[in-house]
Structures are given as C-alpha cells and as structure tokens.
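Here are my notes for your reading of the model. Please go through the points with the coordinates open beside you.

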Amino acid sequence: MQPIKVYADRRSQPSRAVIIFCRVNQIDFEEITVDLFKSQHLTAEFRKINPMGQVPAIVDGRFKLFESPHVVKQAEKLLMQSLGRIESVWLKGDAKFLLGSPQPSIADLSLVCEIMQLEILGDDERDRFLGAHEKILIWMDNVKKATSPHFEEAHELLFQVKASMLSNAAAANQTSEPSTKLKIVSKL
Ligand SMILES: N[C@@H](CCC(=O)N[C@@H](CS)C(=O)NCC(=O)O)C(=O)O
C-alpha cells in the first residue's frame, strides 16, 4: 500500500499537529513540503490537492483531505479565548493530558502546537503569556515527553525561525544603537 502524502509546512501549527499525530500512531506517510514563504500553496499544482490553498493537506490514493480535524479549530479557538480557561476547564484536577486522558490525544497535539507558536515571539513574550500558567507548562512537558523525539523533531524548524528572527532583531537593534547613543550624548 502506498503511504499517504502529507503536504505540510512545519512553520504551520496544524501541519505540525498532523505530522506528530502520524508519527505517534506509526502511520506510514510521505511528507511533502509546501513552502508557504515561497507561496507554493498558491500554485495551480497544489490547488488541485487543496483548492483552499492551505496546509496541511493529505492525499490517500484518490482521497483528499484538506481540513485538519475539527478539534484543531476547536483548540485554536480555545487558545484565543484564554489560557486560564484551558487550565481551569481542560486541565482540571491532576489531569496529565486534556480531558483527563492517560495518553495524549489529537486535541493535546493540536493545542500544544498552537501554544508552541508563542516561541516565535521570543522568550520574554512567551513567558509573559505562559509564566503564570504552571499547569499548562507541566501539561506541555507531559505531551513533549510522551511524543519524544517526534515532538522535538517536528519543532526544529520553528526554533530555527525563532533563532533567525531573534538575530534579525538583534541586528536591527545594533543598527539603531548609534542614534540612541547620539541622543544621550547630546543630552549631556
Ligand atoms: N482549517 C485549516 C487551516 C489551515 C491553515 O490555516 N493553514 C495555514 C497555515 S497555518 C495556511 O496554509 N495558510 C496559507 C493561506 O491561507 O494562504 C486546517 O485546520 O487545516
């Protein structure tokens, strides 16, 4: 049997959720990168797979699926609404995973990949959002451990993007530094 094809860009949170899901469940799949930064999702060729022009998309023989599970959207909405609500409702009590499940579900993967997107903002901003949510941090660590090493592997590109954004920001700060110094000197 031919492996399913997963069209994905690892910068995309639902793409990463689908990749981790396939790996954890030992689903044989071929990953085909659709580079969003190169607008490969907008090509006529890719639109034959997903007319919406979005990743992730899955092709299994003649069957095409281009909406990640409904739970992904549900998780996206939850994240937007409130991290506090996740803690009090979804991680009630001593739950190791969402809804008290003894093992991670698609909901855990979807939501953890959404929250991991905060990494892009840099450590300070990420901590500003997550620092007060110890329960969420412990839960994220549980999902990471349960899906290791696939979790780390699927997030490698995200951390590369983060590093490159931080170094760009540092370079921009350095460029603006002389003008700051000039202002201080002129005040003296
Ligand atoms: N509802 C879709 C959303 C997919 C989605 O928004 N993908 C984004 C990347 S995270 C995308 O391909 N954006 C490109 C675009 O919309 O032009 C799903 O869950 O699969």
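**Points on the fold**

1. Serine 39 lies in the loop between strand E2 (29-33) and H2, where helices (H or I, at least four residues) and strands (E, at least two) are DSSP runs numbered from the N terminus. The phi of serine 39 is near 60°, a positive value in a residue other than glycine. With 11 C-beta neighbours inside 10 Å, serine 39 counts as exposed; here a residue is buried if 20 or more other C-beta atoms lie within 10 Å of its own, exposed if 12 or fewer, and partly exposed in between, with C-beta atoms placed from the backbone.

2. Please keep in mind that this is a predicted model, in which local features need pLDDT of at least 70 and side-chain atom pairs count only at pLDDT 80 or more, while totals for chains, interfaces and linings use all residues. Residues are numbered from 1 along each chain as its sequence is written.

3. The protein has 9 helices and 4 strands, and from the N terminus on its elements run β-α-β-α-β-β-α-α-α-α-α-α-α. Buried residues make up 26% of the 188 residues. Among contacts with a separation of 6 or more, 67% are between residues 24 or more positions apart, a contact being a pair of residues whose C-beta atoms, placed from the backbone, lie within 7 Å.

4. Leucine 99, in the loop between helix H4 (83-90) and helix H5 (106-116), also has a phi near 60°, again a positive value in a residue other than glycine. Leucine 99 counts as exposed, with 12 C-beta neighbours inside 10 Å.

5. Two cis peptide bonds deserve a look. One joins valine 55 and proline 56, with omega about 5°, and proline 56 sits in the loop between helix H2 (44-49) and strand E3 (57-60). Another joins serine 148 and proline 149, also with omega about 5°, and proline 149 is found in the loop between helix H7 (134-147) and helix H8 (150-154). For context, most residues other than glycine have a negative phi, and most peptide bonds are trans.

6. Strand E1 (residues 4-8) is joined to E2 by 5 bridges, and these two strands run parallel; tyrosine 7 has isoleucine 32 as its bridge partner in E2. E1 pairs with E3 in the antiparallel sense over 3 bridges, and lysine 5 stands opposite valine 59 in E3. Strands are taken to pair if DSSP finds at least two bridges between them.

7. How much of H5 is buried? H5 is mostly covered, with 11 of its 11 residues buried, including Asp108, Ser110 and Glu114. Glutamine 117, in the loop between H5 and helix H6 (123-130), is partly exposed, with 15 other C-beta atoms within 10 Å. The C-alpha atoms of glutamine 117 and glutamine 13 are separated by 7.0 Å, although these residues are 104 apart along the chain.

8. Leaving aside neighbours within four places in sequence, isoleucine 20 is in contact with Leu109, Thr147, His150, Phe151 and Ala154.

How values were computed: Contact = placed C-beta atoms within 7 Å.
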